[in-house]
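Let's take a friendly walk through this protein chain, from its overall fold to a single residue. Have the viewer open as you read.

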Amino acid sequence: MAPPVKVFGSAVFANAARVMACLEEVGVEYEVVEVDYTAMEHKGPQHLSKNPFGQIPAFQDGDMMLFESRAIAKYVLRKYSKSAQIDLLREGNLQEAALVDAWTEVEAHTYLPAIAPIFYECVVYPARLGTSPNQKVVEESLEKFKKVLDVYEAHLSKNNYLYLAGDFFSFADLNHFPYTFYFMTTSHASLFDSYPSVKAWWGRLMARPSVKKISDGMVLRA
């Protein structure tokens with residue numbers, strides 16, 4: 001019998017990788033349903049019935065259909081964390097949950113906007129379109145990203161934290177995995193050498209078995 005949980009979109013899509021990493025964390029069996037991006041299947045009626053914005057991923061758990069990767073991830077963690085005896089949302093502790101929420105918001109609204117243009121220019125467009133990176137866009141984005149990393153470095157080092165919300169691994173950390181992973185495949189990965197606390201945090205994140213497994217399927221090829 002096929003697993004009731006389905007992810008529409010493979011791990012090469014950063015947002016699908018986020019969902020899959022959460023599923024790996026809680027140990028839920030799932031089926032990956034490929035979506036042919038080059039054939040524009042994500043804009044076709046079948047996928048639009050699952051994700052009305054034509055984005056990847058979509059998600060199904062029995063009769064439940066969801067889109068938006070962070071919402072999907074939280075659903076997975078809320079439903080399956082108890083049986084897996086793992087709590088990445090820290091919802092049993094109001095203060096810890098608030099810190100997880102805060103850094104989850106930072107990832108979505110500050111970290112991602114800075115790193116995403118580098119991801120597209122240096123990873124996606126060369127692989128999908130065969131183009132060279134727009135160096136002006138990359139340099140401007142790197143300057144923005146450095147300012148973000150300055151804050152992360154100060155936060156981690158000042159508080160002597162292993163992870164963003166404290167000394168516990170959480171959803172806030174896992175959220176950073178997909179786009180940072182792709183950034184670290186570019187020629188700009190050495191930027192992290194200037195931020196020792198951030199680099200150490202990233203090393204701990206990449207050591208997670210869930211992250212290791214999903215990252216194996218995240219190589220974009222032309």
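## Overall fold

Please keep in mind that this is a predicted model. The chain holds nine helices and four strands.

How does the radius of gyration fit with a compact globule? A compact globule of 222 residues would come out near 17 Å, and the chain has 17 Å, so the two agree. Along the principal axes, the C-alpha atoms fill a box of roughly 50 × 45 × 25 Å. Buried residues account for 50% of the 222 residues. Taking contacts in the chain between residues at least 6 apart in sequence, 66% link residues at least 24 apart.

## Two domains

The chain splits into domain 1, residues 5-83, and domain 2, residues 94-208. In the contact between them, domain 1 takes part with 13 residues and domain 2 with 14 residues. As for their placement, the C-alpha centres of domain 1 and domain 2 are 22 Å apart.

## The largest pocket

Sorted by class, the lining has 14 nonpolar, seven polar and three charged residues.

Which parts of the chain supply the lining of the largest pocket? Helices α1 (14-26), α3 (69-84) and α4 (94-129) each give at least two residues. Of the elements, α4 gives the most, with seven residues. Both domains take part as well: the lining draws at least three residues from domain 1 and at least three from domain 2.

Now for a single position. T180 belongs to helix α7, which spans residues 177-183. Is T180 buried or exposed? T180 has a relative accessible area of 0%, so T180 is buried.

Which residues is T180 in contact with, once neighbours within four places in sequence are set aside? The partners of T180 are Y111, I115, F192 and W202. To view this spot, select T180 in α7 and then display these four side chains around it: Y111, I115, F192 and W202.

Terms used:
Residues numbered from 1 in each chain as written. Predicted model: local features only at pLDDT ≥ 70, side-chain atom pairs only at ≥ 80, totals over all residues. Heavy atoms only, no water. Nonpolar A, V, L, I, M, F, W, Y, C, P; charged D, E, K, R; others polar. Domains from an automatic or database assignment. Rg over C-alpha atoms; globule rule 2.2 N^0.38 Å. Buried < 20%, exposed > 50% of the residue type's maximum accessible area, 1.4 Å probe, protein only. Contact = heavy atoms within 4.5 Å.
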